[in-house]
Amino acid sequence: MKRIGILTSGGDAPAMNAAIRAVARKALSAGLEAYGINYGFAGLVAGDIHKFAAADLDDSIDEGGTLLYSARYPEFAQVEGQLKGIEQLKKFGIDALVVIGGDGSYHGALRLTEHGYNTIGLPGTIDNDIPYTDFTIGFDTALNTAVEAIDKIRDTAKSHQRVFAVQVMGREAADIALWAGVATGADAIVAPGHDYDVKEIAEKLKRNRVDGKDYGIIVIAEGDANSDAAPEFLEKLKQYGDFDARAVVLGHVQRGGRPTARDRVLASKMGAYAVELLLEGKGGLAVGILDNKVQAHDITDLFNAKHQPDSSLYELNQDLSFK
Ligand code: F6P
């Protein structure tokens, strides 16, 4: 193996650049060449590929987004698309790849391995929704962004005695909502997989008022990528009381920004490990961190598993915010 290709695919996530840097630098220090592939699988098919020099990656560790750009490219599910990608790999002499992205990206990684190009997947998504890893690259930064925003919203909530329903990202996964809810001491978390009773939440907010807390924060998971989850929740809440309430959809602000130290270190560890696996001649594997140990699982195992958010956080929040 002489040349490793790197691409990012799906939604961008903070510290993807730290992961790219780690893969490229580890490859260079092992005497290999590293090639960046722009625009994910679309760029692979189009041959948008360039050689990395160590200096190219000097400034990347603290930058959000992905310097390799990203794209969603469902065409790579078809053999035709895959063969076009392989033509480009042959042209550039790339023998193995690291793909950084969400679960959709892992399908492409597995197909390339089946075609004889060992490929390792790194979990790059703010959603934290990948099985066999406790944390994904970008989750910690997105969570901290959400927490910082909710802390600010609390200032207005207090000043105006308002209830805010703050909608956080996560597609089908509730991780950002669960962690941000506990971290901000939310009055309630509304998330898929956890039954809630709007009337009960309304009663609690009213009891809080009597007890002297005249504002409220409800953290809402977008759930099934519903962009109106927070306003819809407030419509229901208002049926049970006279609340001065506002919905805030945090949206893509959670995807950007300087990665936290935790994300940078996670991305660095995972990127370097991916190259070690390729050097051992392995492919078709997804890197994860479990109990603080970086490890790899067959990508096929991931397809048969479902990510389980830490539901104990929901119970914890119920206990701590109970009135
Ligand atoms: O995969 C990350 C994510 O941010 C989800 O939480 C969200 O539902 C989705 O991407 C939005 O993606 P986009 O607007 O880029 O299609």
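User: What domains does the domain assignment give for the chain?

Analyst: Domain 1 (3-138 + 259-304) and domain 2 (140-255), with bounds taken from an automatic or database domain assignment. This is a predicted model, where local features need pLDDT of at least 70, side-chain atom pairs count only at pLDDT 80 or more, and totals for chains, interfaces and linings use all residues. Residues are numbered from 1 along each chain as its sequence is written, and side-chain values use heavy atoms, without hydrogens and water.

User: How many residues does each domain bring to the contact?

Analyst: With contact meaning heavy atoms within 4.5 Å, domain 1 brings 15 residues and domain 2 brings 13 residues. The domain centres, taken over C-alpha atoms, are 34 Å apart.

User: Which residues surround the ligand?

Analyst: R72, I126, D127, M169, G170, R171, E222, H252 and R255, each with a heavy atom within 4 Å of the ligand.

User: Why is the ligand said to lie between the domains?

Analyst: Domain 1 and domain 2 both give residues to the shell around the ligand, so the ligand lies between them.
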